[in-house]
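Here is a short briefing on one protein model. Read it beside the sequence and the coordinates.

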Amino acid sequence: MQGQYWKKSVLIEFAGAGAGGIRTVTSTDDAARCLLYKWPDQTSKAYHRAKGMCLDALEGRKADDEAREAFLDAAREAHITIRLQ
């Protein structure tokens with residue numbers, strides 16, 4: 001199942017060469033892929049919470065808005081630059 005598009009997308013910027021640069025995250029599906037394949041620190045509590053929330057939202061067990069907030073929390077904890085759109 002694919003998550004719904006968010007009302008407001010999130011622009012994130014990964015630091016360092018080869019880290020993935022700038023990415024616009026527009027949905028829970030985008031956020032889950034970003035967490036699974038691009039995230040710089042996959043050991044933090046906020047990362048695991050965000051990953052779980054996104055996967056739960058994709059399965060219809062959580063709201064996409066909750067997944068977005070958890071994603072933002074994980075980005076802040078990982079010191080990833082965030083720009084809300």
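Helix α1 (residues 28-37) lies across β1 and β2 and runs at about 135° to β2. Helix α3 (residues 64-77) also packs on the sheet, where it touches β1, β2 and β3. The direction of α3 makes about 10° with that of β1. This is a predicted model.

**The sheet**

- Three strands make up an open sheet, in the order β2-β1-β3, with antiparallel pairing.
- The edges are β2 (22-27) and β3 (81-84); each has a single partner strand, so one side of each lacks a neighbour in the sheet.
- On average, neighbouring strands are turned by 25° against each other, direction ignored.
- Strands of a sheet pair through backbone hydrogen bonds, either parallel or antiparallel.
- Here β1 (residues 5-13) and β3 pair in the antiparallel sense over four bridges.
- E13 has T81 in β3 as its bridge partner.

**Where α1 meets α3**

- The axes of α1 and α3 come within 10 Å and cross at roughly 35°.
- The crossing of these two helices, α1 and α3, is left-handed.
- From α1, the residues in the contact are T28, A31, C34 and L35.
- From α3, D64, A67 and F71 meet them.
- Sorted by class, the contact of α1 with α3 has five nonpolar residues, one polar and one charged.

**Cover over α1**

- How many of the 10 residues of α1 are buried? Seven are, and the helix α1 is mostly covered.
- The buried residues of α1 are T28, D29, D30, A31, A32, C34 and L35.
- T28, A31, C34 and L35 of α1 also take part in the contact with α3.
- What covers the buried residues of α1 includes β1, β2, α2 (45-58) and α3.

**Salt bridges**

- A search of the whole structure finds five salt bridges. Some of them are described here.
- In one, the side chains of R33 and D29 meet at 3.1 Å, N to O.
- R33 and D29 are four residues apart in helix α1, so about one helical turn separates them.
- An α-helix has 3.6 residues a turn, so residues three or four places apart point the same way.
- R33 is partly exposed at 43% relative accessibility, whereas D29 is buried at 14%.
- In another, the side chains of R68 and E69 meet at 3.6 Å, N to O.
- R68 counts as buried, with 11% relative accessibility. E69 is partly exposed, with a relative accessible area of 41%.
- The side chains of D73 and R76 also form a salt bridge, at 3.2 Å, N to O.
- D73 and R76 are three residues apart in helix α3, so they too are separated by about one helical turn.
- D73 is partly exposed at 37% relative accessible area. R76 is partly exposed as well, at 45%.

**The loop between α3 and β3**

- H79 lies in the loop between α3 and β3.
- What is the phi of H79? Its value is near 60°, which is positive, in a residue other than glycine.
- Most residues other than glycine have a negative phi.
- Is H79 buried or exposed? H79 is exposed, because its relative accessible area is 73% and the cut-off for exposed is over 50%.

- E77 is found in helix α3.
- At 40% relative accessibility, E77 counts as partly exposed.
- Which residues does E77 contact, leaving aside neighbours within four places in sequence? They are S44, K45, A46 and Y47.
- K45 is a residue of helix α2 (45-58), and K45 is in contact with E77.
- E77 and K8 are 69 residues apart in sequence. In space, E77 and K8 are 20 Å apart, C-alpha to C-alpha.

Conventions:
Residues numbered from 1 in each chain as written. Predicted model: local features only at pLDDT ≥ 70, side-chain atom pairs only at ≥ 80, totals over all residues. Heavy atoms only, no water. Pairing = 2+ DSSP bridges. Axes fitted to C-alpha atoms, helices over the stretch in contact; angles between N-to-C directions. Contact = heavy atoms within 4.5 Å. Left-handed = near helix turned anticlockwise from the far one by under 90°. Nonpolar A, V, L, I, M, F, W, Y, C, P; charged D, E, K, R; others polar. Salt bridge = Lys/Arg side-chain N within 4 Å of Asp/Glu carboxyl O. Buried < 20%, exposed > 50% of the residue type's maximum accessible area, 1.4 Å probe, protein only.
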